[in-house]
Amino acid sequence: MSGTAKTYRVWIVDDEQGMCLGAIAALENYTVQLDGTSELAGFQVEKFFDGESFLSSLANDRPDIVLLDNKLPDIQGIEILEKIVAEGFPFLTIMITAYATFDKAVLATKLGAYDFLAKPFTPDELRYVIRKACRTLYLTEKARKLEEEKRRARFEFISVLAHELKAPLNSVEGYADMMINRTAGPDIGSYDQPMERVKVRIDAMRKMITDLLDLTRIESGTRNRTIEETDLREIAAGVLENCAQMAAKRNITVKLQAAEALNFPVDRSEMEVLFTNFVTNGIKYNRDGGSLTVSLARREGAVEMAFIDTGIGMTAEEQQNLFKEFSRIKNRKTRDIQGSGLGLSISRKIIDLYEGTVEVESTADKGSTFRVILPVKK
Amino acid sequence: MTKKRTILLVDDDIDYLFQQKTALEQAGFQVKTAEGRHEARELLSETVPDCAILDLMMEEKDSGFMLAYDIKKMMPEVPVIIMTAVTNDAGFKFDRNSSGEKEWIKADTIISKPVRPEQLIKEINRLIK
């Protein structure tokens, strides 16, 4: 059919010519709007006058919907239905029962028919049943695609995870081999630096595992959330205090701008993770002697938290995969910065839980601003 | 005394870089290191190495391939080895010997990480002769 996004193939199996022609006439120019889209589905009808020709056609062709009469010249419709179900064909079968007996219809649906139509039926009744079937098919297909997409994403995640976890192991193993083979000479002091690196890589790996657990807990929804009015300013101040030493080491000034206590319904530990991620990023990706400002403000129907740093910033290209798992910006400026590559994707997942948004503005060598907005839930 | 052979070693893992460099230097090579494609390109403007050893995934997923392409275009006689852990982890397979991939993978050899230093040195010696 022209002008439709999808054409469903309907096979009608009935020995009554008039029935077949009637069904073709009813469905020929009929369209159904697919759920949640503006797309239309149309129908292409093919007819079979006996069970044998229908069954043999199934060997190399597939309909989407079958209208199956129970009373056929060769085989009983119910028998055909049993065969279809046993073979596990994915199409939907609608039984047509000539003598509108309730128990036949019940038997057919019990056996696996999608629906039934009792003869005689009007074109509208036929269209109604077909529309229902077509929506079922469409939703099933959509669910299958989603499932497929989820499986693929999971595979990709695990592949990258394996790669990320093996990298530190390889590194540690390499240093162990160096020592075993005395590659850097007989002096034990020559191995101080390598052993420092071993510690750094192990710490990073441990941090990655912790982050990974956070991420899966948030994603799976298994973490118990306690949403209650909480002062965000107090949380921010606590996080800044925890990170003070880290900032002081590189002479980075940390400021908190919040006019007053800012009570908002949140889960405290989620907010602590969120603030910690943005604050540690603001320090790690800063320049020595730079500054990080955390600013909190109430907006109409929302709260806004901004993390403004004077750090190394990012190019537009570097910003693209920022929130993707394990995505880390690799350049000469970031070479000594440790990170799991999960911090921002954890933060994004937390923000999603609050139906909030996060925006980034950044200029390379100037700094970045991350702006998180959490709306008041109605 | 013969002149030391120069190896260009490119990897974004600084530990891996350090370890391989140490091993290669012990084996008598002179080693220049870079942590990414761009840094390597800068080095190549002043040095022509006897062999280049490149990690595959650096700034980009295919930085190694791109750098190999750059090298073969500028200095086709320099043998290129690509090292990657991707084949093992993600189930991707690159086969230097299949005719289709020979066309676009501009490397003389692709070896899987982790690479043992002896193995790497053997490959280098085979390629530079």
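Predicted model: local features only at pLDDT ≥ 70, side-chain atom pairs only at ≥ 80, totals over all residues.

Residues are numbered from 1 along each chain as its sequence is written, chains are lettered from A and ligands numbered from 1 in the order in which they are written, and side-chain values use heavy atoms, with hydrogens and water left out.

**Where chain A meets chain B**

- Chain A brings 21 residues to the contact, and chain B brings 21 residues too (contact means heavy atoms within 4.5 Å).
- About 1800 Å² is buried between chain A and chain B, with carbon and sulfur atoms giving 48% of that (buried area is the accessible area, with a 1.4 Å probe, that two parts lose on being put together, summed over both).
- Three salt bridges are counted between the two chains (a side-chain nitrogen of Lys or Arg within 4 Å of a carboxyl oxygen of Asp or Glu).
- One salt bridge joins the side chains of Arg201(A) and Asp13(B), at 2.8 Å from N to O.
- On the chain A side that touches chain B, helix H5 (123–180) and helix H6 (192–220) each supply at least two residues (helices are DSSP runs of H or I with at least four residues, strands are runs of E with at least two, and both are numbered from the N terminus).
- H5(A) gives the most to that side, with eleven residues.
- By type, the chain A side that touches chain B splits into six nonpolar, six polar and nine charged residues (Ala, Val, Leu, Ile, Met, Phe, Trp, Tyr, Cys and Pro count as nonpolar, Asp, Glu, Lys and Arg as charged, and the others, Gly among them, as polar).

**Chain B on its own**

- Chain B has six helices and five strands, and along the sequence they run β-α-β-α-β-α-β-α-α-β-α.
- Among contacts in chain B with a separation of 6 or more, 67% come from residues 24 or more positions apart.

**A look at Ser345(A)**

- Ser345(A) sits in helix H11 (residues 343–353) of chain A.
- Ser345(A) counts as buried because its relative accessible area is 2%.
- Leaving out residues up to four places away in sequence, Ser345(A) touches Leu215(A), Phe323(A), Lys324(A) and Glu325(A).

How values were computed:
Buried < 20%, exposed > 50% of the residue type's maximum accessible area, 1.4 Å probe, protein only.
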